[in-house]
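Hi,

Here is the structure I said I would pass on. Have a look at it first, and then read on for what turned up.

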Amino acid sequence: MTIAPDGRKLLRLEVRNSETPIERKPPWIRTKARTGPEFTKLKALVRNGGLHTVCEEAGCPNIFECWEDHEATFLIGGGVCTRRCDFCDIDTGKPGDLDRDEPRRVAESVRQMALRYSTITGVARDDLPDGGAWLYAQTARQNKELNPHTAVELLIPDFNGLDRQLDEVFGSRPAVLAHNLETVPRIFKRIRPAFRYARSLEVMTKARTAGLVTKSNLILGMGETPQEILAALRDLNEAGCEIVTITQYLRPSARHHPVHRWVAPEEFVEHADAAAQMGFAGVMAGPLVRSSYRAGRLYAQTMRKRGEPLPRGLEHLAVAAAAAQEARSLLDR
C-alpha cells in the first residue's frame, strides 16, 4: 500500500494524439537517480559479464531500488511475441527457433548477479506445440537448482488456459506464479485481443488451487473508470489472486494505445487501501510501480499472512519486508 519511491530521471515520452490531449507528463511522473553500493556493483557485473535484463533494456524507473535489493527481471523466449497487446512495446510476428540453452544461461546470470529474487517473464509462443510451457518451467527449475537461495517468480502468458501446459509450469513450483490481468472487461478485447478476461482469471484460480502464491497486475490510464478498477480488483480477489500491483500506463510510441488520463497519486492510495480491505496479502500501487517492483517483499508478506515459513535460505526476504513495514508504520503515525 505504498506509492513507489523512484530511482531515476524523468522519463520524457511525448504523448501526442487527437484522441488524447495530454502532451506532457504530470510532475509526479518523475524519478531521481539514487545509486547505492549494491546497484553500482550489480551494474558492473552486468556490463562486464555481457548480461541482459529487462530492467535495463526496458528502462524501468525502479532499477536503482530493485538492484540495490538484488532483484532483477529476465525476458525469455526471444524478442518477438505471437500476440499483440496495445500497450506493449515488444514486436509481434513469427519468433525464431526455441533456444533450449536459454534456461541455463538465465540461471547462470542470476548466479553471477547474486540475486536474492529473480522474476522470469517472456513472450507468448503460440507457435510452439506446448506454447512455451517447457521453457518457463525449465528456466524455473534451472534457477532453483543453481541458485537455491534465490526466489523465482514466473510471470506467464495464459497458455490458452490449457491444463497440460499450465500444469507443466505449475509443476516447476516457482515461489510466485504471476499472470497479469492488466485491464477491465469493457476495454479488454481492444487492449488484449488475443487474451480473454475470464481466462486470465481462471489461470489465477488454477494456480491458487495448485498451492502457488498468486499475483497479478492492473494498468491504469487506458480508458477505464475508477469503479471498473475496483470491480476488477474484486474479480482478482475472488479468483484467488493474493498479490496485486497497480500502475500507470506509459505509452511506448504513437502507434500504441493512447494515454486517456494520468492517475493522481492519491487515487493509487485509494485503490491500494481498497485492495487491502478486500483481503489481498500484498499490494503495491503507484504511478511508476511495475509488476516486479519490490517483488521479494510482497512474497514475504504473503507467506507471513498465509502463516507459512519462507523456504530455507530465503529468510533474508522476511527481514527486508519487516524493515519496510516498520518504516511504513512510522510514516503512518
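Arg-100 has its charged end over the ring of Trp-134, 4.0 Å from the ring centre. There is a second case like that: the charged end of Arg-192 sits over the ring of Phe-195, at 3.8 Å from its centre. Bear in mind that this is a predicted model.

On to rings with rings. The whole structure holds three aromatic pairs. One of them is Tyr-117 with Tyr-299, a tilted pair because the planes are at 55 degrees, with the centres 6.2 Å apart. Tyr-117 belongs to strand β4 (residues 117–122) and Tyr-299 to helix α11 (residues 295–306), so this pair ties together parts that are 182 residues apart in sequence. Tyr-117 is buried at 1% relative accessibility, and Tyr-299 is buried too, at 3%. Another pair, Phe-188 and Tyr-197, is edge-to-face, with 5.7 Å between centres and 85 degrees between planes. Phe-188 is buried with a relative accessible area of 3%, and Tyr-197 is buried at 13%.

Beyond its neighbours within four places in sequence, Asn-143 is in contact with residues including Val-106, Ser-118, Ile-120 and Pro-148.

Cys-85 counts as buried at 10% relative accessibility, as does Cys-241 at 2%.

Cheers

Technical notes: Residues are numbered from 1 along each chain as its sequence is written. This is a predicted model: local features need pLDDT of at least 70, side-chain atom pairs count only at pLDDT 80 or more; totals for chains, interfaces and linings use all residues. Side-chain values use heavy atoms; hydrogens and water are left out. Buried means under 20% relative accessible area, exposed over 50%, partly exposed in between (1.4 Å probe, protein chains only). Contact means heavy atoms within 4.5 Å. Rings of Phe, Tyr and Trp (its six-membered ring) pair if their centres lie within 6.5 Å; planes under 30 degrees apart count as stacked, over 60 as edge-to-face and the rest as tilted. Helices (H or I, at least four residues) and strands (E, at least two) are DSSP runs, numbered from the N terminus. A charge sits over a ring if NZ of Lys or CZ of Arg is within 6 Å of the ring centre and within 35 degrees of the ring normal.
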